[in-house]
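Trainee: I would like a close look at a single part of this model. Please take it slowly and keep to what can be computed.

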Amino acid sequence: FWCDEECVSLCSVDHQASLSVILMESLALSSRASLEGGDYASIPKILSGIDARLSNPNGSIRNHGMAVAKALSLVLDPSKPLKFDDDDSSGDFTQATFKELEEATKRMVPVCVASEELDEPT
């Protein structure tokens, strides 16, 4: 779902941030072989989602794309992490972006819980 271009236009920024955190955490637990392997090669799909975010006019959404791109680059070649022009070597961008994504995810939790409560039979 994160990889679909429609997600960028249909989902709230907070929802996208939440999905980005999940994807980044998943990538941190992945290997290059698992992403490239078999019938379920994930790299082209993830790159599609990154591209959709990097071309978005909203700065927060572009940051989501950059953060996931960095996470993917660390899986593909840990010795050569991806750097963007507005990056600094201290890692502040990654930390600030991840903090923004985590905060957005926290804002999503009450929305999801409230939605689930509506679906429960009374």
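Which residues have the most contacts inside the largest nonpolar core?

Mentor: This is a predicted model, where local features need pLDDT of at least 70, side-chain atom pairs count only at pLDDT 80 or more, and totals for chains, interfaces and linings use all residues. Residues are numbered from 1 along each chain as its sequence is written, and side-chain values use heavy atoms, with hydrogens and water left out.

The residues with the most contacts inside the largest nonpolar core are Trp2, Leu27, Leu35, Ile46, Ile50 and Val68, and the core has 19 residues. A nonpolar core here is a set of buried Ala, Val, Leu, Ile, Met, Phe, Trp, Tyr and Cys residues joined through side-chain atoms within 4.5 Å. At least two residues of this core come from each of α2 (13-28), α4 (43-54) and α5. Helix α5 gives the largest share, seven residues.

As for the background, the chain has six helices and zero strands; helices (H or I, at least four residues) and strands (E, at least two) are DSSP runs, numbered from the N terminus. Of the 122 residues in the chain, 34% are buried. Buried means under 20% relative accessible area, exposed over 50%, and partly exposed in between (1.4 Å probe, protein chains only).

Glu5, in helix α1 (residues 5-10), is exposed, with a relative accessible area of 60%. Lys80 sits in the loop between α5 (59-76) and α6 (92-119), and counts as exposed because its relative accessibility is 60%. Lys80 is 10 residues from Lys70 in sequence, and their C-alpha atoms are 10.0 Å apart.
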